[in-house]
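Let's take a walk through a protein model together. Have the sequence and the 3D view ready, and keep turning the picture as you read.

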Amino acid sequence: MEPKKNPKANVGRNSSLYFAIGLALMLFLTNFAINFKTYDKANVDIGMVSMEEELEEEIPLTQQLQTPPPPPPPPAAPEVIEIVEDEVEVEETVIESTESNQEQKIVKVEAVKVAPAIEEDVEVPFAVIENVPVFPGCEGGDNAAKRDCMSKKIQEFVNKKFNTDLAGELGLSGRQRINVIFKIDKTGTVTGIRARAPHPGLEKEAARVIGLLPKMQPGKQRGKAVTVPYSLPIVFQVQD
């Protein structure tokens, strides 16, 4: 028995091919639909410049201030000229020329005597002087020996002459200290005696005793006699 239908007219024969073509077509349409973009034509700026329209700039109106002219200067006061009568006679001073001429005689000038220079009273401390003052009885020995001898002799002289009972009579007690400063001048004489003590009576007694010191040989610096200041502390204990 022969089939009634033509085998070429069978639709299901190429179904797989049609399915693949349809699937590819759908994927293409889906991709196109996803990537499809639209733009608003009203908001698109194409970048064209219109040269026909000109901008009109408004210039603000300014008013220039006019300063008033300065006031005219006041009129000058008329000058008053006083005429003074010339009653006082002015004596003219004649200045004589000091220049000499050939007719003038030359006056001989006598030799002018120069006054001797006044030597300054130089003071050199006792500790640094080259040649110390020499106390009577201290002529022997070198400079250091003379210095020690002088200090010893002055101390012995003060201890012998000073009235230590005076402090008790003045109402003082305990240890007393008197600082005495004096000078041995260029002639070896004691001058410029100053004393400081707890009581004026002790100061007066110390000045009296130092004034009794004998005349000494003056101290010398570079071979010349100079004034030498000397300080002496007097310390004693008042017996109760």
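What follows is a short tour, from the overall layout to a few single residues.

## The big picture

First, keep in mind that this is a predicted model. The protein chain has four helices and five strands. If you read along the sequence, they come in the pattern α-α-α-β-β-α-β-β-β.

The chain has 240 residues, and 17% of them count as buried. Its accessible surface is about 21,900 Å², with 55% of that belonging to carbon and sulfur atoms. Now look at who touches whom: among contacts with a separation of 6 or more, 70% are between residues 24 or more positions apart.

## The nonpolar core

In soluble globular proteins, nonpolar side chains tend to be buried together. Here, the largest nonpolar core has 33 residues. The members that touch the most other members are Ile 154, Ile 178, Phe 182, Leu 202 and Leu 213.

Zoom in on Ile 154 for a moment. Leaving out residues up to four places away in sequence, Ile 154 touches Phe 135, Phe 182, Leu 213, Met 216, Tyr 230 and Leu 232.

Leu 25, Met 26, Phe 28 and Leu 29 make a nonpolar surface patch of about 430 Å². Leu 29 lies in helix α1, which covers residues 15–35. Why does Leu 29 count as partly exposed? Its relative accessible area is 44%, and partly exposed covers the range between the buried limit of 20% and the exposed limit of 50%.

## One disulfide

The structure holds one disulfide, and it links Cys 138 with Cys 149, whose sulfur atoms are 1.9 Å apart. The link of Cys 138 and Cys 149 is left-handed, with -70 degrees about the S-S bond. Cys 138 sits in the loop between α1 and α2 while Cys 149 is in helix α2, so the pair ties together parts that are 11 residues apart in sequence. In case the term is new to you, a disulfide is a covalent bond between the sulfur atoms of two cysteines.

Is Cys 138 buried or exposed? Cys 138 counts as buried, at 2% relative accessibility.

## Where the loops meet

Some loop residues are worth a visit too. Thr 227 lies in the loop between β4 (224–226) and β5, and with a relative accessible area of 3% it is buried. Skipping residues up to four places away in sequence, Thr 227 has contacts that include Asp 121, Val 122, Ile 184 and Lys 186.

Lys 186 is found in the loop between β1 and β2 (190–196), and it counts as partly exposed at 28% relative accessibility. Lys 186 and Asp 121 are 65 residues apart along the chain, and their C-alpha atoms are separated by 8.4 Å.

Pro 218 also touches Lys 186. This proline lies in the loop between α4 and β3 (219–221), and it is partly exposed, at 23% relative accessibility. Pro 218 and Gly 188 are 30 residues apart in sequence, yet 4.3 Å apart in space, C-alpha to C-alpha. Other contacts of Pro 218 include Pro 133, Asp 185 and Ala 225.

Key: Residues are numbered from 1 along each chain as its sequence is written. This is a predicted model: local features need pLDDT of at least 70, side-chain atom pairs count only at pLDDT 80 or more; totals for chains, interfaces and linings use all residues. Side-chain values use heavy atoms; hydrogens and water are left out. Patches are made of residues with over 30% relative accessible area and no salt bridge: like charges are joined within 9 Å, nonpolar side chains (Val, Leu, Ile, Met, Phe, Trp, Tyr) within 5 Å. Accessible areas come from the Shrake-Rupley method with a 1.4 Å probe; for residues, only the protein chains shown count as cover. A salt bridge is a side-chain nitrogen of Lys or Arg within 4 Å of a carboxyl oxygen of Asp or Glu. Helices (H or I, at least four residues) and strands (E, at least two) are DSSP runs, numbered from the N terminus. Buried means under 20% relative accessible area, exposed over 50%, partly exposed in between (1.4 Å probe, protein chains only). A nonpolar core is a set of buried Ala, Val, Leu, Ile, Met, Phe, Trp, Tyr and Cys residues joined through side-chain atoms within 4.5 Å. Contact means heavy atoms within 4.5 Å. A disulfide is a pair of cysteine sulfur atoms within 2.5 Å.
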